[in-house]
Amino acid sequence: MKKSKKKLMCTVLAMLMIASCSSVLSGCQSNSGTQTSTTSTVSSQPSETSTPKDESSEVEESSEPSKTESSKDNTESSVSENSKTENSSVSTDANSVEQLNEVVEKDVADTIELLTKEYEQIKADINTYDKYVKNTDKVEAFYAKVKDKHKELCDRMRTYSLKYAEMIISSDSSNDDKYEELDELFDNVYDDGGDQIFDEIYDGILDDMFKDFYDGILDDSKDTSSYDEWWDTRSNEYDNWSDTRSDVYDDWSDFRSDVYDFWSDLRSEVFDDDIEKAKKKIEKFKEKLSKQESSKQESSNPESSKEESSKEESSKQESKKPESSKSDSGLVTPSFKEAMDSYEKFFDEYIAFMKKYKESENPLDMMSEYSDYMTQYAETMQKMGELENEELTDADTAYYIEVTTRINKKLLEVAQ
């Protein structure tokens, strides 16, 4: 993105902030009120990593920052190799948020352990070029297993989010306590769980497979067989790895987006003391999970699967060679996405506050918070301005426009 365009976006944000503040202030002149924003610090949204664009590329990943909460094992969600937990039917005897934390942590840990142990065995068994060629089917089967187990886990994480929400919103706690307790959903499902899944599967097992096979025994065996055979073998390995990694990232990103949006919507309603709307958000999310489950079952239909497989095969044939295949350049740079997500979080907090301020019968009580908010606003705008010095990918540019457009739209609503 050109600097002038980023400056324009930042200027628009600043102008809208001023407009929204002026609108609320003028609307509350009779109360002599001054508005502020309470801001709670929450970990950023998901960060991502890039996939090599061609066969000569090296894998350089940036792991997301993780936030570790202490949890204990719970036997109700253990994942065995033959288990297949459905999205809409996660079974757990958790009767409290603390127990649910344990269930989530154990499920994630067990799934990762299952895949890790199986890969360690595969790596031990396939440690030469000849063994790889003879056992290509085993490697491909493991890629498929990683994809399936990862997707099943992401589906369960959505369902855990629903369980957290139902448990917290239906409790006898005050709305202030519910607002704080919803951070358990964010911390354990979106943040800790999401980070661990990303680090151990996408940035862990799949990274190891690239280094051990494509960039390891296959790269070291150029003179073992004919060049054409070696090239085809290595190219096929790259395709399998790249396809799996792309699918895993998409599933992970979708799960995190769903959970973040759900959590953010709930907190907004609870912040406004509107529990009925929060319950409607829960029902809407439950319907979404039900539709996803129905779609998954339909896709497992033999005829449907055959048609989908044919489409996937055609797509693979069109992008057979790594250099002509779609790379992961479309992924947003991790640090950039983290920054933009934190900015949007700040503005969401501000907008929620402004809405509550408008409805306040005694806005003078909020004056003490105003200076704190303005300080944080100045810091946020300064950091956004610093993005002008960064070299952005096309994906970064698109995401910058997407986030700032959402923020602008929300600010306009407050300013009206």
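Which lysines form a positive surface patch? In this predicted model, the patch is made up of Lys277, Lys280, Lys355 and Lys358. Two helices contribute to this group: helix 7 (275-299) and helix 9 (334-359) each supply at least two residues of the positive patch.

The secondary structure consists of 11 helices and zero strands. Read from the N terminus, the order of elements is accordingly α-α-α-α-α-α-α-α-α-α-α. Of the 416 residues in the protein, 47% are buried. The accessible surface of the protein amounts to about 20800 Å², and carbon and sulfur atoms account for 44% of this area. Contacts between residues at least 6 apart in sequence were also examined; among these, 87% join residues at least 24 apart.

A patch of negative charge is also present on the surface, where Asp130, Asp228, Glu229 and Asp232 gather. Helix 6 (residues 227-271) gives the most to this negative patch, with three residues. Glu229 is located in helix 6. With a relative accessibility of 36%, glutamate 229 counts as partly exposed, because this class covers the values between 20% and 50%.

The negative patch includes Asp130, and this aspartate is also one of the residues touched by threonine 224. Threonine 224 is situated in the loop between helix 5 (175-217) and helix 6. The relative accessible area of threonine 224 is 44%, so this residue is partly exposed. When residues up to four places away in sequence are left out, threonine 224 touches Tyr129 and Asp130.

Taken together, the surface of the predicted model carries a positive patch of Lys277, Lys280, Lys355 and Lys358 and a negative patch of Asp130, Asp228, Glu229 and Asp232. Helices 7 and 9 each supply at least two residues of the positive patch, while helix 6 gives the most to the negative patch.

Definitions and conventions. Residues numbered from 1 in each chain as written. Predicted model: local features only at pLDDT ≥ 70, side-chain atom pairs only at ≥ 80, totals over all residues. Heavy atoms only, no water. Patch = residues over 30% accessible without salt bridge, like charges linked within 9 Å, V, L, I, M, F, W, Y side chains within 5 Å. Areas by Shrake-Rupley, 256 points an atom, 1.4 Å probe, with all protein chains shown as cover. Salt bridge = Lys/Arg side-chain N within 4 Å of Asp/Glu carboxyl O. Lys, Arg positive; Asp, Glu negative; His and termini not counted. Charge placed at Lys NZ, Arg CZ, Asp CG, Glu CD. Helix = DSSP H or I, 4+ residues; strand = E, 2+ residues; numbered from the N terminus. Buried < 20%, exposed > 50% of the residue type's maximum accessible area, 1.4 Å probe, protein only. Contact = heavy atoms within 4.5 Å.
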